[in-house]
Amino acid sequence: MVDTLLQSLQPFFAAAFTLWGSPVSWLEIVAFVLALAMVVMNMRVNPVAWPLAIVSSLLYFALFWNSKLYGDASLQIFFVVVALWGWWQWLRGTQADGTALRVRVLPTARRWQLLAALAVAWP
């Protein structure tokens with residue numbers, strides 16, 4: 001199945017341009033643009049972000065698998081599974097009281113607490 005996917009995407013593995021001595025393929029460009037679009041859609045609280053994340057991750061899977069980076073390719077499958085779960089939660093998920101999930105803003109004090117925890121955990 002993976003080989004069939006790679007064969008169908010073979011024309012997109014061609015280099016579109018070279019950046020700092022490294023070729024950048026059309027597949028990388030499309031996956032990157034989809035990932036950026038996903039971030040923008042998430043910022044706008046639009047559920048279209050989830051399918052964009054799924055397609056982008058699948059394209060990165062193909063790119064990494066073709067480059068024989070099997071660990072990175074496997075991580076993309078994890079991202080697809082998590083995006084499917086996130087999409088389902090976004091559309092069908094409920095809170096403990098049965099009401100639909102809603103996007104909330106993290107209070108400023110909590111943001112500072114998380115930033116401090118990150119600073120401590122970083123080293």
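A: Let us begin with the term itself: a pocket is an open set of grid points with protein on both sides within 12 Å along at least five of seven lines. The model discussed here is predicted.

Q: What is the volume of the largest pocket, and which residues line it?

A: The volume of the largest pocket is about 160 Å³. Its lining consists of Trp50, Gly86, Trp90, Leu101, Arg102, Val103 and Arg104. Sorted by class, four of these lining residues are nonpolar, one is polar and two are charged.

Q: How are two packed helices described?

A: The description rests on the angle between their axes and the distance between the axes. In this structure, helix 2 (residues 26-43) and helix 3 (residues 49-66) have axes that come within 8 Å and cross at roughly 155°. Angles over 145 degrees count as roughly antiparallel, and helix 2 and helix 3 are therefore roughly antiparallel to each other. Their crossing is left-handed. Among the residues making the contact are Leu27, Phe32 and Met38 of helix 2 and Leu52, Val55 and Leu63 of helix 3. By class, the contact comprises 17 nonpolar, two polar and one charged residues.

Q: At what angle do the axes of helix 3 and helix 4 cross?

A: The axes of helix 3 and helix 4 (residues 70-92) cross at roughly 170° and come within 8 Å. Helix 3 is therefore roughly antiparallel to helix 4. In helix 3, the residues that meet helix 4 include Trp50, Ile54, Phe61 and Trp65; in helix 4, the partners include Tyr70, Ile77, Gly86 and Trp90. This contact has 18 nonpolar, three polar and one charged residues.

How values were computed: Residues numbered from 1 in each chain as written. Predicted model: local features only at pLDDT ≥ 70, side-chain atom pairs only at ≥ 80, totals over all residues. Heavy atoms only, no water. 1 Å grid on protein atoms, 1.4 Å probe; cavity = no way out; pocket = protein on both sides within 12 Å on 5 of 7 lines; lining within 4 Å. Points joined across faces, edges and corners; volume = space filled by probe spheres on them. Nonpolar A, V, L, I, M, F, W, Y, C, P; charged D, E, K, R; others polar. Axes fitted to C-alpha atoms, helices over the stretch in contact; angles between N-to-C directions. Helix = DSSP H or I, 4+ residues; strand = E, 2+ residues; numbered from the N terminus. Parallel < 35°, antiparallel > 145°, perpendicular 65-115°, else oblique. Left-handed = near helix turned anticlockwise from the far one by under 90°. Contact = heavy atoms within 4.5 Å.
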